[in-house]
Amino acid sequence: KDIDWVLELPYAAKNVETKPDPTKNMDPGFREPKMAGNPKPSPENTAAPQKKHPEKIVLKGQTKFERTRPDAHFTGYAVYERNRAEYDLVSTDRGINGDVTLKPFHIEDIAILYEVYEHIDALLSDFNTDDDDEKSPFPDKNEKTSVQIDIPEIYMDNVVIGNLKAPFEIKNQKTAFGPIKGTLSGGKLTGEYSLDASKLPATMVFELNVDNFNYADIQNRLQKTESVVGTFDLVLSLNGTGQDYDEILQDTDGVFELIAGQGQMQTNSFDLWGAGLLNAMLPELDPSASSTLNCAILHLDIADGKAK
């Protein structure tokens, strides 16, 4: 039998980020200098206001449940606004197996969708009969999960920018997501995540690579122009250890590298990638002129969860 359901979850205010007002507590006599490379804001180069976070998250869906002892078969879908997840899962005494497809998936909603995951994880933990207050935050040795994740359409600004497919597995207190395969803005996306909690402190390793990412596609869309041409390669390598997830994040070390080849862009496009720094240093730049990018390299070392 199909069961229609609605789940309302509170949105945690602690996760809402607010940007500081640069004019607050400013000297009334201060005037921002006017420079040729720093034009007045216009509809074309002014960022749109951030979407207001909801007071509550409303999930709607439909589930079909079939019981064939000792197994249980769940099929159905869940919807949050413009995002939809379809699932086909089997729960047995050996664990959970099946497929989850996210279609469509809007990358702008990832923070709220992660909030949904945390709520559901907390709800499931309420069914745990273990009274041990010192229970590990990681999967226990009896937990087994094997799910294929498929995201055939990743949206940004209502335009498809890529896709992703990867297996997700929990076994013997080891969590793995990957190998990740997909595309992102025309580039090849690969990577893998693993968490080994079979002995403490737990160890996390995350690798992500994007080859030939077409930044021109995204930049042209954001700035409503067609003058930008170019690609870059991206490498992210992280590792960390800890007694829980917070400790792992605080201990995370690694490297972030971005290498861009030849490209073409308008001078005011540097504001998008350089937060206005280059334009301020070179005020004689004509914001409407085109500039040729021969090469660009960004290298960041990450230590104790902070980039340097």
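Biologist: I would like to learn to read strand pairing. Over how many bridges do β10 and β11 pair, and in which sense?

Modeller: The general idea is that two strands pair if DSSP finds at least two bridges between them. Strands and helices are themselves DSSP runs numbered from the N terminus, with at least two residues of type E for a strand and at least four of type H or I for a helix. Here, β10 and β11 pair in the antiparallel sense over 9 bridges. Gly 191 stands opposite Leu 208 in β11, and a hairpin of 5 linking residues joins β10 to β11.

Biologist: What should I know about the model itself?

Modeller: This is a predicted model, in which local features need pLDDT of at least 70 and side-chain atom pairs count only at pLDDT 80 or more, while totals for chains, interfaces and linings use all residues. Residues are numbered from 1 along each chain as its sequence is written, and side-chain values use heavy atoms, leaving out hydrogens and water.

Biologist: How many bridges join β11 to β12?

Modeller: There are 10 bridges, and β11 and β12 run antiparallel. Val 205 has Asn 239 in β12 as its bridge partner. Over the whole chain, the secondary structure comes to 5 helices and 17 strands.

Biologist: Which residues touch the most other members of the largest nonpolar core?

Modeller: In soluble globular proteins, nonpolar side chains tend to be buried together. A nonpolar core is a set of buried Ala, Val, Leu, Ile, Met, Phe, Trp, Tyr and Cys residues joined through side-chain atoms within 4.5 Å. Buried means under 20% relative accessible area, exposed means over 50%, and partly exposed lies in between (1.4 Å probe, protein chains only). In this model the largest core has 31 residues, and Leu 164, Phe 232 and Leu 236 touch the most other members. Several strands each supply at least two residues, including β4 (83-92), β7 (145-156) and β8 (159-171). The largest share, 5 residues, comes from β11. Apart from this core lies another of 6 residues, among them Ile 57 and Tyr 80.

Biologist: Where is Thr 252, and is it buried or exposed?

Modeller: Thr 252 sits in the loop between α3 (245-251) and β13, and is buried, with a relative accessible area of 7%. A contact means heavy atoms within 4.5 Å. Leaving aside neighbours within four places in sequence, Thr 252 is in contact with residues including Met 204, Asn 239 and Asp 304. A polar atom of the Thr 252 side chain lies 2.7 Å from the backbone oxygen of Ile 248.

Biologist: Which residues other than glycine have a positive phi?

Modeller: Two examples sit in loops. Asp 157 has phi near 55 degrees, in the loop between β7 and β8, and is partly exposed at 39% relative accessible area. Ser 185 has phi near 50 degrees, in the loop between β9 and β10, and counts as buried at 4%.

Biologist: And how do I read a cis peptide bond; which residues does one join?

Modeller: Look at the omega angle. A cis bond joins Gly 178 and Pro 179, with omega about 5 degrees, and Pro 179 is found in strand β9 (residues 174-184). The bond from Leu 200 to Pro 201 is also cis, with omega near 0 degrees.

Key. A polar contact is a pair of N or O atoms within 3.5 Å; within protein, one must be able to donate a hydrogen and the other to accept it, and residues adjacent in sequence count only if both atoms are side-chain atoms.
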